[in-house]
Amino acid sequence: MKQNLEGMVIPRHVALILDGNGRWAKKRGLPRTMGHKEGCAAVERTVEDAARLGIEYLTVYGFSTENWNRSADEVGALMQLFRFYMVRLLKVASANNVRVRMIGDRTRFDQDIIDGINRLERETAGNTGLTFVIAVNYGGRDEITRAVRKLAADCLSGSLSPETVNEQTVASYLDTAGMPDPDLLIRTSGELRLSNYLLWQMAYTEFYVTDCLWPDFSREELERAIIAYNSRDRRFGGVK
Ligand code: IPE
Ligand code: IPE
Ligand code: MG
């Protein structure tokens with residue numbers, strides 16, 4: 001029987017590992033790039049669905065620090081898609097009152113991509129609906145390393161004293177500063193691993209894995225994940 005979301009708790013922050021673009025293309029005898037292209041369309045749909053459902057934060061893993069190890073052809077195609085997609089995203093964000101924010105080390109991208117990211121953040125900063133967070137050149141370990149570097153520099157300069165450093169201080173040095181931790185992680189394509197995603201932030205996040213390949217992801221899939229989330233007995237180390 002199909003359930004609906006009436007009376008259900010909508011997770012405040014949903015994190016997504018979109019995986020399976022390559023497998024989706026392979027199944028159809030298409031180049032991997034076609035899978036990525038379809039994957040972009042699925043991201044666009046999901047942003048609209050998440051905004052409509054009242055999710056406050058949607059954080060999508062688009063390109064990891066490890067993804068640079070793919071072939072130059074695939075990396076190049078992904079960068080091209082990213083360029084194209086940023087322009088589209090500006091329209092989608094404006095039409096849906098979505099604020100866009102990027103996490104990850106953007107300094108490694110070509111200057112026009114950095115400019116595009118900055119523009120997207122700047123022009124959507126005043127939107128008050130969903131915050132759509134794109135993780136690009138993102139790795140949890142890289143994020144923590146950059147945070148530690150900055151924190152150490154602040155200690156050296158005297159603006160921070162080591163004995164006052166607590167968990168809140170560390171969180172404030174991460175790319176996700178000011179955002180709530182994810183309540184729900186959705187990973188498509190069946191893999192049961194984190195792949196270096198939001199390592200600090202997902203300490204108590206509920207996991208939901210579906211075999212659906214990312215380009216096939218739909219509103220129904222998102223709703224299924226939220227229904228599963230509502231059946232979870234969330235604990236944060238305590239007892240009930
Ligand atoms: C996810 O799909 C997209 C990126 C990591 C950029 P994949 O490209 O990893 O697809 P599979 O896992 O090979 O099917
Ligand atoms: C995770 O997918 C990273 C992104 C979706 C950007 P990968 O396909 O890169 O992860 P692994 O290699 O299966 O762990
Ligand atoms: Mg993959």
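This is a predicted model: local features need pLDDT of at least 70, side-chain atom pairs count only at pLDDT 80 or more; totals for chains, interfaces and linings use all residues.
Local features are given only where pLDDT is at least 70 and side-chain atom pairs only at pLDDT 80 or more, while totals for chains, interfaces and linings use all residues. Residues are numbered from 1 along each chain as its sequence is written, chains are lettered from A and ligands numbered from 1 in the order in which they are written, and side-chain values use heavy atoms, with hydrogens and water left out.

**The sheet**

Begin by selecting the six strands of the open sheet, which follow the order S3-S4-S2-S1-S5-S6 with parallel pairing; strands (E, at least two residues) and helices (H or I, at least four) are DSSP runs numbered from the N terminus, and two strands pair if DSSP finds at least two bridges between them. At the edges stand S3 (99-103) and S6 (206-210), each with a single partner strand, so one side of each has no neighbour in the sheet. Neighbouring strands are turned against each other by 20° on average, direction ignored, where axes are lines fitted to C-alpha atoms, for helices over the stretch in contact, and angles run from 0 to 180 degrees between N-to-C directions.

Next, select S5 (residues 184-188), which pairs with S6 in the parallel sense over five bridges; the bridge partner of Arg187 in S6 is Val209.

**The aromatic rings**

Rings of Phe, Tyr and Trp (its six-membered ring) pair if their centres lie within 6.5 Å, and planes under 30 degrees apart count as stacked, over 60 as edge-to-face and the rest as tilted; by this rule there are eight aromatic pairs. Select Tyr61 and Tyr138, whose ring centres are 5.9 Å apart with planes at 80°, so the pair is edge-to-face. Because Tyr61 lies in S2 (residues 57-64) and Tyr138 in S4 (residues 131-138), the pair ties together parts 77 residues apart in sequence. Both Tyr61 and Tyr138 are buried (under 20% relative accessible area, with exposed over 50% and partly exposed in between, for a 1.4 Å probe and protein chains only).

Move on to Tyr204 and Phe236, a tilted pair at 5.6 Å centre to centre and 50° between the planes. Tyr204 is in the loop between S5 and S6, and Phe236 in the segment after H7, 32 residues apart. Tyr204 is partly exposed at 42% relative accessibility, whereas Phe236 is exposed at 53%.

Finally, select Phe63, Trp68, Phe82 and Phe109, which ring pairs link into a cluster.
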